[in-house]
Amino acid sequence: MEPLPDERHLFDLDHWRRRRRDAAAERINGSARRSVRSEGEPGSVGSLDLPRPLAGWQPERLGVHAAIADPLRTTATGFVLPEYIVRRHDHELRDLLTDAASGKAPVLLVLSGYSCTGKTRTAYEAVAACLADWGLAYPKDADSLCRLLAAEALGPRTVLWLNEAQELLGGHGGEAAAAALRRRLEQPEPLVAIATLWPGHQRELTDRPTGKQDHHPQARALLAAARVITVPAVFDGSALGRLHEADDGSLAVAARTAPDGSITQTLAGGPALVQWYEQADGAQDCYGKAVVTAAMDARRLGHTSPLPRTLLEGAASGYLTDAQRAAAPPDWFETALAFARTRVKDVVTALGDVAHDHGMGARPGVWRLADYLDHYARTTRREYFPPASFWHAVEHHAATAADLYELARSAEGRGRLRLAAALLRRAADAGHDPAWEAIVTMMAYRNLTEEAEILARSVLRSGNPEPMLALAWTLSEFGDDGTERLVREAATTGWASALTALAMVSHGPEAEAALTKAVALGDPEAPFQLAELRRNVGDFAEYERLLWLGASAGDRDAKGELVKLKCRADEWDEAECLARRFAEHGDGFELATMAIDRSLDGDQAEAERLAWTVVELADRDALGAAKRPWPGGTFAAVIVLLGLCSDDDGVDPVLHRLAKFRNPQTWAVAARFQEARHPDRAEALYRRAAEQGHLFALERLAMMERHRNVANAERTHRATADAGGGVRSLADLWDAEGRHEEAEQARRYGLENDGSIAGPWPFQLP
C-alpha cells in the first residue's frame, strides 16, 4: 500500500501529479526490465515510445530526408546530411525555443510547408541548437501518442516530436490523441511539442466545415493554440549568398540544379528521382524510362531548348530492346509520358511543364528535363554515345538551329564527323551562321581547301566573314601562304573581328587604323592589341586604359598584362586583388603567374602562398572544373609548388595534399606528376577524375593501359572518344600498333555511330 503523504502535501496538486507520474514511470520501467524490448527505436516498450536524450537520436530516425551526395567525395556513403544554411524562419523558431527553455509553460509549435521544403531538418537543427540537454519522445502513431500521454511519461524538459502530424491527428485515433495532448499542454511544466504539417493538411484539420459533420474538433482546438512558422519553399536573398559561400558539395550541386531557389526540394527529391528512374524496368515503365533517357542525352549534348514531343517520341526506340519494342501498346508514348510526368515525393517530375513566354499556362507539346537528372546524366552517361534513333530524331525535330549546332559540335567532339557535318548543314540552312564556320574548318582539315574557299566566299557575300577567317587561320596552321589574302578579303566586310585579324597580318598605320575601328565596334580582342601599339610609342596612359577596356570585355591577354603592370610597379597587393577578381571567372592563371614571378624573385614563402591560393580558388568551382580540359592556372600553380621542393622527399607531401582537394583538375595535375614515380597512385587519381568527366584523366588512363593491355587501352580510348575526347588518341594508338591506314582514315572521316571507322563520305555543298 502506498504510504500516507505528508500532511503539508494534501492539497498540493502539483505534488500529486508528480507522484502519479513517477509511479507510472516506475511501473513502465519495471515492465521494461522484466520484458524483452520490442524491435524499433531504442527506448521503446511495446508500442510506447519513451523519451530519451536528444544526443541519442540520429536525424534520419526523426524523419530528416537523406540529401544528394557530394559527387566529388568518393568516400561518402550512407545517409548524407549537408551543411545547414540558417534562414529567417530559423531565427524565429530558435527564439521561441529559447524562451520555452527558460519558461515554465508548455508550448506547441507547428512548422508549415510543402513537401521537401526542409521542415523536419529545420526542427531538428533548432532543437539541437536550443534544447540539446532535453529528452525527446517520438510517437509513431496516434495510439502511441495516447499511451505516452496516459502514462504521464512526458516530464519537464521534454520535446514531443510530431513529425508529419497529420498522420497522428487526422486518422484513426487522431481526435483522442489531440484531446489528450490538449490536456497535457494545460499542465504548467516546460514541454515543447513541435509538429510539421503540409499547408493542405493544416487547412483540413483547422477549417471548420459547413453543412457536413465536423471530424476534427479536437485537432482544430489543439492547433488553434499553436504558434505556426512557415518554412518557405525557396531560398532567396542573403540565404542564396550564404549557400554559394558554403564549402559543401551537396549544396553546390543543389545550387547548380535548382535555378529557381528550390534547394531543399532538390536536396531531398534528387535521390528519390534518380531511384525512381533507375528502377523503371518493368513492362510499362520501360517506355517512360526510354523517353526520359532520350531527354537526358539531348540535354547533356547541347539541346537547351524545351524538348518537343516529336523528338522524344522519335528517339525513344533506340533505348528499348527488340522485345520491348514488339510489346509496345498503341498508346505507348502516352504511357511513357505519364511516367515521365509522375511527381516524385510530390515535388519534382522528370519532365516538367514549360511556361508560355508571355502570359499564363504551359506551352503544349514541349517539356523540360529536371535539372538534377541533367546533372546526374552528365556523370553517369558521359561515356554513352546515343543510338541512331536519337540522332535521326534530333536532326529532324530539334527545337532550334542553335540546338542543332550544339548537338553537331557534340557529335564532332565524339569523332562522328559525318553526323556532325549533316547536323551543321541543317543548322546553317536554318540560319545559324556559326555553323558555316564549323563546316569550312572541317573541310579544310579534310584537305578540301578549294571547296572550303568557295563556300566561305559564298557566305562572305551575305556579309559574314567568319567562315573566311576560320579558313585563313586553319591554313596558317599548315603553313599556307594564302592566309593574308583571305584575311584581307574578309576585312572588306568591315566586321570588328575581321579588322582585328587584318591588324595581325599588317603593320604600321594600317594595323593601327584597323584596330582603332575594331575597338570602336566592340571587338573584345582589339583593345589589347591596340594597347601594345600605344605602349611601343610611349603612350602609357592610353596603354593602361585600353588594357582595362580589354579586361572588362573578358580578354585574357589584357587581364594578364594588367596584373603584370601592377607587379612591375611593385603594387603587389593591388595586383593580387585584381588577379583574385579575375580568378572568380577563370582558372586563376594570372594569380599563378604572380606565384611564378615571386618564385623567380626568390620569395619562396610568398610564391607558395599564392600557388596554394590558386588551387584553393579552383576548388570552390570543383563541379564546373571537370568541364574544362586543362586549366593553365592549376597546372602553373602545381609547377610552382613542386619547383619549390628542395628534394624528392618534399614532393610527396605536396602531392598528398593536392589529392585531398575536391577539384578533379587538381587530381589530374597531381596524377600527371606521379606517373613516373608512383604509377599506382597516379592511376587511382586519374580514375577519380575520370569518374567526374575529366577527359584528360580518361586519356591518360588509356595511355597507361597501353603498356599492360592493348585491348583494354583501346576500350578506354574509345570511351574517351564517346565522352567527347575525339578520335586523335585512338588514331595515335592504331599508329603505334602499325595500323596506319585505319588511323589515317579515322582522322579524316571519323567514326560511324556504332564506333566503327567511317568510310569516305562527301560534304553536301550548297
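Tutor: A term to begin with: buried means under 20% relative accessible area, exposed over 50%, and partly exposed in between (1.4 Å probe, protein chains only). The model is predicted, so local features need pLDDT of at least 70 and side-chain atom pairs count only at pLDDT 80 or more, while totals for chains, interfaces and linings use all residues. Residues are numbered from 1 along each chain as its sequence is written, and side-chain values use heavy atoms, with hydrogens and water left out.

Student: Which residues of α38 are buried?
Tutor: Ala713, Glu714, Thr716, His717, Ala719, Thr720, Ala721, Asp722 and Ala723. Helices here are DSSP runs of H or I, at least four residues, and strands are runs of E, at least two, numbered from the N terminus.

Student: And what do those buried residues pack against?
Tutor: They pack against α18 (401-413), α37 (695-705) and α39 (728-736), where contact means heavy atoms within 4.5 Å.

Student: What sits at the ends of α38?
Tutor: Asn709 caps the N-terminal end, with a side-chain oxygen 3.0 Å from the backbone nitrogen of Ala711. After the helix comes Gly726, with a positive phi near 75°.

Student: New topic. Where is Glu152?
Tutor: Glu152 is in the loop between α4 (142-150) and β6 (158-162). Its phi is positive, about 50°, although it is not a glycine. Most residues other than glycine have a negative phi.

Student: What about Arg157, what is its phi?
Tutor: Near 60°, also positive in a residue other than glycine. Arg157 is found in the loop between α4 and β6.

Student: How accessible is Arg157?
Tutor: Arg157 is partly exposed, at 36% relative accessible area. Glu152 counts as partly exposed because its relative accessibility is 29%.

Conventions: Polar contact = N/O pair within 3.5 Å; in protein donor to acceptor, adjacent residues only side chain to side chain.
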